[in-house]
Amino acid sequence: MKLEAIAAFADNYIWILHDGQNALVVDPGDAAPVLQFLAERSLQLSGILVTHHHADHVGGLKALQPVLQGPIYAPALETLPVPCTPCHGGQKVELLGMQFEVIDVPGHTAGHIAFYLASPPDDAGPLLFCGDTLFSAGCGRVFEGTPAQMHHSLQRLAALPGATRVCCTHEYTLSNLRFARTVEPDNAELKRYQQWCEARRAQGLPTLPSTLQLELQINPFLRCEQAAVARAVTQASRAPADTAAAPSALCSTPTAKAADRAVEVFAQLRQWKNEFR
Ligand code: ZN
Ligand code: FE
């Protein structure tokens, strides 16, 4: 089984798994690059996984339908442009003889799901297709859910095995790293990873897939419990010249539980990133 990333639009990846004959694709926002990839390798499209309803993830579904011989597994709670097989968290779905576990990850959209393959046939570590929930060194914007939901969703993904390959849908890594380095300037692993990513991009290569063990070391959105991240968020919320517009200071009452505090750090970190240029 081979895992490849088909580039689409400016910075999307449409992940494809194939065995030389049959293929499945994840989040085909555009049909043309998928059809070209399939034709060049004489692959049959046997299934599609969809993580959420945004156009850059589902825009190719209609045009792929005529060549598709298999199901489209998609979030049960979202409206999609074509009929799909609805999926809930906890459910298992099978494609090309592989069993994917569906994980509910609300936040970016209300019904966003991720697909987790614990034991892929290539034995190169579990696979996670997480759409716009987890990015390398970043995370998706919270459009439809709450920061608490998004934080919880990210924590669920972070609890998967460290060797898990993280297949995100966007090549946002370098711009995410600029922000991450601002949050944690003293994180040596972050600096090393940034240099590696810059070299990859200079060669026109993807920075993805990442791994969970790496993300746990460098992704500020998975590190809200770290003192350095909490400190940076507090300082950033005090720093702006226009203090009236600054986000509220962190809740620091002695009764605030560590988990609540992590959610608060997450919410302010996400807000800070939204405004970061
Ligand atoms: Zn999206
Ligand atoms: Fe997207």
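Author: Begin with burial: a residue counts as buried when its relative accessible area is under 20%, as exposed when that area is over 50%, and as partly exposed in between. Keep in mind that this is a predicted model.

Reader: Is serine 237 buried or exposed?

Author: Serine 237 has a relative accessible area of 7%, under the 20% cut-off, so it is buried. The residue belongs to helix α8.

Reader: Which backbone atom lies 2.7 Å from a polar atom of the serine 237 side chain?

Author: That atom is the backbone oxygen of threonine 234.

Reader: Apply the burial reading to a strand residue. Why does alanine 74 count as buried?

Author: Alanine 74 counts as buried because its relative accessible area is 0%. It sits in strand β5, residues 72-75. Leaving aside neighbours within four places in sequence, alanine 74 has contacts with Val50, Leu80, Cys84, Thr85, Pro86, Cys87 and Ile113. Histidine 112, 38 residues away in sequence, has its C-alpha 9.1 Å from that of alanine 74.

Reader: And for a whole helix: which residues of α1 are buried?

Author: Helix α1 covers residues 31-40, and its buried residues are Ala31, Pro33, Val34, Phe37 and Leu38.

Reader: Now to charges. What is the general idea of a salt bridge?

Author: Side chains of opposite charge can pair when their charged atoms come close. The cut-off used here is 4 Å between a side-chain nitrogen of Lys or Arg and a carboxyl oxygen of Asp or Glu.

Reader: How many salt bridges does a search of the whole structure find?

Author: The search finds six. Among them is the pair of lysine 2 and glutamate 4, with the closest N and O atoms 4.0 Å apart. Lysine 2 is partly exposed, since its relative accessible area is 46%. Another pair joins glutamate 40 to arginine 41, with a closest N to O distance of 3.4 Å. Glutamate 40 is exposed because its relative accessible area is 53%, while arginine 41, at 35%, is partly exposed.

Reader: Which salt bridge links distant parts of the chain?

Author: Arginine 223 and glutamate 184 form a salt bridge whose closest N and O atoms are 2.8 Å apart. The two residues are 39 positions apart: arginine 223 is in the loop between α7 (212-218) and α8 (227-238), and glutamate 184 is in the loop between α5 and α6. Both residues are buried.

Reader: Why does glutamate 184 count as buried, and what does it touch?

Author: Glutamate 184 has 5% relative accessibility, so it counts as buried. Not counting residues up to four places away in sequence, glutamate 184 touches Leu190, Arg223, Ala228 and Val229.

Reader: How many residues of each domain are in contact, and what kinds of polar pairing are found?

Author: In domain 1, 10 residues are in contact with eight residues of domain 2. Across this interface there are zero salt bridges, and two residue pairs are in polar contact. Helix α4 (residues 147-158) gives the largest share of the side of domain 1 that touches domain 2, with six residues. The residues on that side divide into six nonpolar, three polar and one charged.

Terms used
Residues are numbered from 1 along each chain as its sequence is written. Chains are lettered from A and ligands numbered from 1 in the order in which they are written. This is a predicted model: local features need pLDDT of at least 70, side-chain atom pairs count only at pLDDT 80 or more; totals for chains, interfaces and linings use all residues. Side-chain values use heavy atoms; hydrogens and water are left out. Contact means heavy atoms within 4.5 Å. A polar contact is a pair of N or O atoms within 3.5 Å; within protein, one must be able to donate a hydrogen and the other to accept it, and residues adjacent in sequence count only if both atoms are side-chain atoms. Helices (H or I, at least four residues) and strands (E, at least two) are DSSP runs, numbered from the N terminus. Ala, Val, Leu, Ile, Met, Phe, Trp, Tyr, Cys and Pro count as nonpolar, Asp, Glu, Lys and Arg as charged, and the others, Gly among them, as polar. Buried means under 20% relative accessible area, exposed over 50%, partly exposed in between (1.4 Å probe, protein chains only).
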